[in-house]
Structure formats: structure tokens, C-alpha cells
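Okay, thanks everyone, let's get going.

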Amino acid sequence: MAHRGMVNHLLAKIADLGLGPEDCVAMTASQCFDISVWQLLAAPASGGRVRIYPDEATHDPERLLAEVDADGVTVLETVPSLLAKMIPGEGDPHPALRRLRWMIPTGEALPPDLCRRWQRVWPHATLLNAYGPTECSDDVSHYAVPVPYPEAAWTVPVGRPVRVTQLYTVDANFRLAPIGVAPIGVRGELCVGGVGV
């Protein structure tokens, strides 16, 4: 069986996150889920380490952040709905997350306001919006959310394709759609090409 798609995804994560020996990736996904592959293998492939968290921690936002902080995790991935529960209220105590370099929201649309809320508390931990349809070897695009995220922004882009991947916006007849300008844009369907399909 070929694993070219997942190997490409691992290489994309290593490159786009700048992973190296000083990194620690949190494995928060079940080994039955596709994202567990990169969470387990990308750090060791670049000389770093992995910290595997039990379900009891991954389902408890407060506990997870406390353990991530104590363990020196540099890369953490979660869904936006759980990310929203991680952000403390104004004046509430929270871990510093000094070593965290990347927070990767994935699996759901990332609301712009959630980006701004995260950045007010942990501006040093860059959000990387990761998008990948089920039919692909995990993520097909990444978008590093700029700090601060503009107040006028009403969406968060899915970003640019990862290495050896192509993204096309097509119309109802599968013709390439013209490039649109936000906020109006051009309606179409996103099609993915490359080794990860």
C-alpha cells in the first residue's frame, strides 16, 4: 500500500511549522483518527518529541492547557469549538504557554472573532488554520493567521495549498472560476489535486 499522501503531509507539516529538535508536538487525537499520524510522526522525523495525552486531558480544556504548559509543548492542534473553551474570561487565571509556538485549529470553520480572542491572550502562539477534506491525506492547505487579525475580516481563509498539492475553484460546469475580490468574491466549489487525494 502506498503512503505517498501522508508522507507528503508529514513533510508539509515539518516545513510549514519549522519543526526541529527543540519542538514538542501534542498528540491529542485518537490513533484511529487521521490527524494522529502527523501528530505522532512529524516531531520525531525532525528530531523533536511527542507528548501523548489521554482522552481525559484532551476533553478538558483547562487541564489540557495546564499540561501543555508544564510539558513545554510547542505545537497543539484542536477543533475551534474546543479552542473557544480554552480562552479564559477577562481577568481569569490562565497558563502562560511560553513554549507554545503554534495552535492549529482544524476540522471546523475558524471564526474571525475566535482568532482575535486567542490573540489577545496568547499573541505569541500563532494560529495556523488547517483545512483538509475527508477524501485527502489530512490537510491540503495552511493559513498562518496574522496578528492582530483585522477587525473588519469576516472570514478566515483556508490558505494556500501545502507542498505537491493544488487547489482549484470551479463553477457548476467544472470550469475554473475567475479570481474574486472579497467581500463579494466568486462562488464555486473547491477541488483538490495532487498526491494527497
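So, helix 1 and helix 2 cross in a right-handed way (the near helix is turned clockwise from the far one; left-handed would be anticlockwise by less than a right angle). Quick caveats: this is a predicted model, with local features needing pLDDT of at least 70 and side-chain atom pairs counting only at pLDDT 80 or more, while totals for chains, interfaces and linings use all residues. Numbering runs from 1 along each chain as its sequence is written, and side-chain values use heavy atoms, with hydrogens and water left out.

Back to the pair: the axes of helix 1 (residues 4-17) and helix 2 come within 9 Å, crossing at roughly 60 degrees.

Who touches whom? From helix 1 we've got Met6, His9, Leu10, Lys13, Ile14 and Leu17, meeting Val37, Trp38, Leu41, Ala42 and Ala45 in helix 2 (contact is heavy atoms within 4.5 Å). By class, that's 9 nonpolar, 1 polar and 1 charged.

Now the second largest pocket, at about 610 Å³ (an open set of points on a 1 Å grid, 1.4 Å probe, protein on both sides within 12 Å along at least five of seven lines; lining residues have an atom within 4 Å of a point). It's lined by 30 residues, and closest to the centre are Phe33, Ile35, Val79, Thr106 and Gly107. Strand 5 gives the most to that lining, 3 residues. The lining splits into 13 nonpolar, 11 polar and 6 charged.

Terms used:
Points joined across faces, edges and corners; volume = space filled by probe spheres on them. Helix = DSSP H or I, 4+ residues; strand = E, 2+ residues; numbered from the N terminus. Nonpolar A, V, L, I, M, F, W, Y, C, P; charged D, E, K, R; others polar. Axes fitted to C-alpha atoms, helices over the stretch in contact; angles between N-to-C directions.
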